[in-house]
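Keep the viewer open as you read.

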Amino acid sequence: MLFRPDAFEPLTETPWDERLVRAAIRGIVADVDRAFDPDTLWPADEWDGWQAATPMKNLYVGAAGVILALDMVRRRGEAETQLDLAAAALRALAAFRDAPDFMAGEEPPSQPNSALLRGEVGILLVAWRLGPNADLEHDLLGLVRANVDSEAEELMWGSPGTLLAARAMANWTEAGHWQEAAHDGAEALWHRRDDDGYWTQTLHGFAARGLGPVHGLVGNVLALLPELDEQRRARLTADTSSLLAQTAIVEDGLANWPIHAGGQLETDDGEIRVQWCAGAPGIVASAASYLDPELLEAGAELTWRPGPPGMEKGPCICHGTAGNGYAFLKAFERTGDEKWLDRARRFAMHALEQVRRRGHGRYSLWTGDPGVALYAADCLEGRTAYPVLETWD
């Protein structure tokens, strides 16, 4: 069994409608604006803020991600926030420095503030882009350089995440020190790759070799590829394609992947993950450019066959309907087959209905409504770039 049918729900019969989609994006932005408080930022969902110092400030499930999403939607011309985003980003940074929103009792890596998604780096990056100044850049560069040798070896906490930050700053500033930081981070990450092509993540007291975009192989490759010369890029993609072929579990023309190399599809909690952060959707969305074509089709078809994730997972881009939809956008980009764009848009309509069905807003980039708005905007444009991992615009 490659998925559990009871984790999914029937796909909406509402056809794709650009007018409705644009109205829904504007509605999400308006709701995010209404929910904002200049002092306390946005209310945290129970899952997002579990055992943490709220409000949440980080890029993953906190204010920095919401601010980034509002800025991205604004840059695309889909909706205009009424908030002073630069001021909100500075407020999030100050609040994080006063009370970092790490979970109580968790064992973070050695440089937790340097984490792109959970630490200060993501907040600084958003704050600098909205209001560049030398102090923010100085602090950001120091945290990026401090994370070069992180044992986490993944995007959320480790050097692949801060490599994304360094590259973004290098692109925006064209400054030599940022180009050097990106180069140094990439060289260190390249040389720490295991002999068989994986990276070993040491996180929360455990060592594993993850496959997915947040905590594993395909995320690291996505971060590393733009910094490599042509020869090493070809080697890395060929090696990684081979590893994904070895670890794929294929049945009847469908393919899924376990969370860790050598692991089983069914996890200790009895789930079989079919979501962007774990399973076929994230593998396809992150590795589409070099994944074996048959596996690309099989993984995208596996994402389509069960339907959208149910409301327990919800509409989000991390483990929900919109995140799964990015697999279809990538399959469309790779194959040119319009059926994948049609399927991506059907999932967008469903995700927007899930936002309405929930009856209240959820305010984070990865787990909340702002990420759904970005996915819907991508479907309007037929665009395939996943937020932060591939684009800041």
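## Ground rules

A residue is called buried when its relative accessible area is under 20%, exposed when it is over 50%, and partly exposed in between (1.4 Å probe, protein chains only). This is a predicted model, in which local features need pLDDT of at least 70 and side-chain atom pairs count only at pLDDT 80 or more, while totals for chains, interfaces and linings use all residues. Residues are numbered from 1 along each chain as its sequence is written, and side-chain values use heavy atoms, with hydrogens and water left out.

## Charged pairs across the chain

Side chains of opposite charge can pair when their charged atoms come close. A salt bridge here is a side-chain nitrogen of Lys or Arg within 4 Å of a carboxyl oxygen of Asp or Glu, and the structure holds 36 of them. One joins arginine 362 to aspartate 45, at 3.3 Å from N to O. These partners sit 317 residues apart: arginine 362 is in the loop between α13 (338-358) and α14 (369-381), and aspartate 45 is in the loop between α1 (18-35) and α2 (63-75). Helices are DSSP runs (H or I, at least four residues), numbered from the N terminus. Arginine 362 counts as buried because its relative accessibility is 12%, whereas aspartate 45, at 24%, counts as partly exposed.

Glutamate 227 also forms a salt bridge, with arginine 167, and their closest N and O atoms are 2.8 Å apart. Here the loop between α8 (217-224) and α9 (230-247) provides glutamate 227, and helix α6 (residues 159-173) provides arginine 167, 60 residues apart. Arginine 167 is buried at 13%; glutamate 227 is partly exposed at 25%. Elsewhere, salt bridges with shared partners join Asp71, Arg74, Arg75, Glu80, Arg129 and Asp393 into one network.

## Helix α3 and its buried side

Helix α3 (residues 85-98) has 14 residues. Which residues of α3 are buried? They are Leu85, Ala88, Ala89, Ala92, Leu93, Ala95 and Phe96. They lie on the same side of α3 because they cover an arc of only 165° around the axis, taken from the directions from the helix axis to the C-beta atoms.

The buried residues of α3 pack against α2, α4 (120-130) and α5 (134-146), where contact means heavy atoms within 4.5 Å.

Key
Helix = DSSP H or I, 4+ residues; strand = E, 2+ residues; numbered from the N terminus. Expected span 1.5 Å × (residues − 1).
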